[in-house]
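Please read them with the sequence and the structure open.

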Amino acid sequence: MLNVKKPIVYSMGFLFFVLANSALAQTAPARIASLNICIDQILWELVPHEKLVSISYLTANPIWSPIAEQVKGMPVNHGLAEEIVPLAPDVIFAGEFDQRSPIELLQKLGKRVERLPLPRTLRDINDQILQLADMVGERAKAEQMVKTISAQIAELQAAKQGKTPLTAFWYSANGVVIGDGTLEHEFMQLAGLRNLAAERGMFGFNQLDLELLLSAKPQILIVEQGSDDAYSLAREYLSHPALQHADFKVVTLPAGLSGCAATVIGDVATQLKNSLAE
């Protein structure tokens, strides 16, 4: 009886070993490609860089990416299937709005493509960091990232206690103000600011005449810092003499919240807290 059972026990043990290692291989791919600048930035924080066989060309461009200097020399792609297939990645990451045709072609070729939605709230950002971490086997690092972000957000919330809410616009290029239903609006609420765009029934991103903005008499004007290399006519709105001499405080935050929020969100929270305290 004992001689009969031993092979069964050993076989079951071997089976569990194979399954466990198979699951590990699936969650911790050795070769990772990304077609998305925002996903690139999270992966750069989470995984050993030698695992990244290709990242978006935008991530290597300092106009668009805060980690451009760090990723110098990394292989880049332009979102094309023919660039990715020869690299034989174990998993390919793409964003919600990346080109569909190359992604569909990669899937038809049997490649594992994971498409992640654009985070629209603070909770979405934390969820995406953890979701991506689970796919690449880096849960511990992701939990630390989320913990740090949550602490910075908590400090921003705590700083508003006992203060009268100030009126504000979140102002962007082309004379655009940001209203309800946005991450920026959520940030303003956390900081104890009254979003004048939202109070006027604006949802999302809306163009507002400079005269109307000034007549609303905001106490705070929030702008995101842009790269000098990315200067364009659209940004001339932000240097209009009327804004330079208006009676409100301009709070300048690190760029990127509107685009790739996950890796800058903590810095934005800290800068907003410190600027409002000045």
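**Notes on the predicted model**

1. Helix α7, which spans residues 183-190, contains E186. The model is a predicted one, and the points below should be read with that in mind. E186 has a relative accessibility of 24%, so this residue counts as partly exposed; the buried class ends under 20%.

2. Which residues does E186 touch, leaving aside those up to four places away in sequence? They are T121 and L122. E186 and L122 are 64 residues apart along the chain, and their C-alpha atoms are separated by 7.9 Å.

3. L122 also belongs to the contact between α5 and α6. Helix α5 covers residues 122-136 and helix α6 covers residues 139-159. The two pack with their axes 8 Å apart, at an angle of about 165°. Angles over 145 degrees count as roughly antiparallel, which means that α5 is roughly antiparallel to α6. The crossing of α5 past α6 is right-handed.

4. On the α5 side, the residues in this contact are L122, N126, I129, L130, A133 and D134. On the α6 side they are R139, A142, E143, M145, V146, I149, S150 and I153. Sorted by class, the contact of α5 with α6 consists of nine nonpolar, two polar and three charged residues.

5. How many disulfides does a search of the whole structure find? The search finds one. C38 and C260 form this disulfide, with their sulfur atoms 2.1 Å apart. C38 sits in helix α2 (residues 37-46), while C260 lies in the loop between β11 (249-253) and α11 (265-277). The two cysteines are 222 residues apart, and the pair links distant parts of the chain.

6. Two further values concern this pair. The torsion about the S-S bond of C38 and C260 is about -70°, so the disulfide is left-handed. C260 has a relative accessible area of 12% and is therefore buried, since the cut-off for that class is under 20%.

7. For the protein as a whole, there are eleven helices and eleven strands. Of its 278 residues, 41% are buried. Taking the contacts between residues at least 6 apart in sequence, 61% join residues at least 24 apart. C260 is one of the buried residues, whereas E186 is partly exposed.

Definitions and conventions. Residues numbered from 1 in each chain as written. Predicted model: local features only at pLDDT ≥ 70, side-chain atom pairs only at ≥ 80, totals over all residues. Heavy atoms only, no water. Axes fitted to C-alpha atoms, helices over the stretch in contact; angles between N-to-C directions. Helix = DSSP H or I, 4+ residues; strand = E, 2+ residues; numbered from the N terminus. Parallel < 35°, antiparallel > 145°, perpendicular 65-115°, else oblique. Left-handed = near helix turned anticlockwise from the far one by under 90°. Contact = heavy atoms within 4.5 Å. Nonpolar A, V, L, I, M, F, W, Y, C, P; charged D, E, K, R; others polar. Disulfide = S-S within 2.5 Å. Buried < 20%, exposed > 50% of the residue type's maximum accessible area, 1.4 Å probe, protein only.
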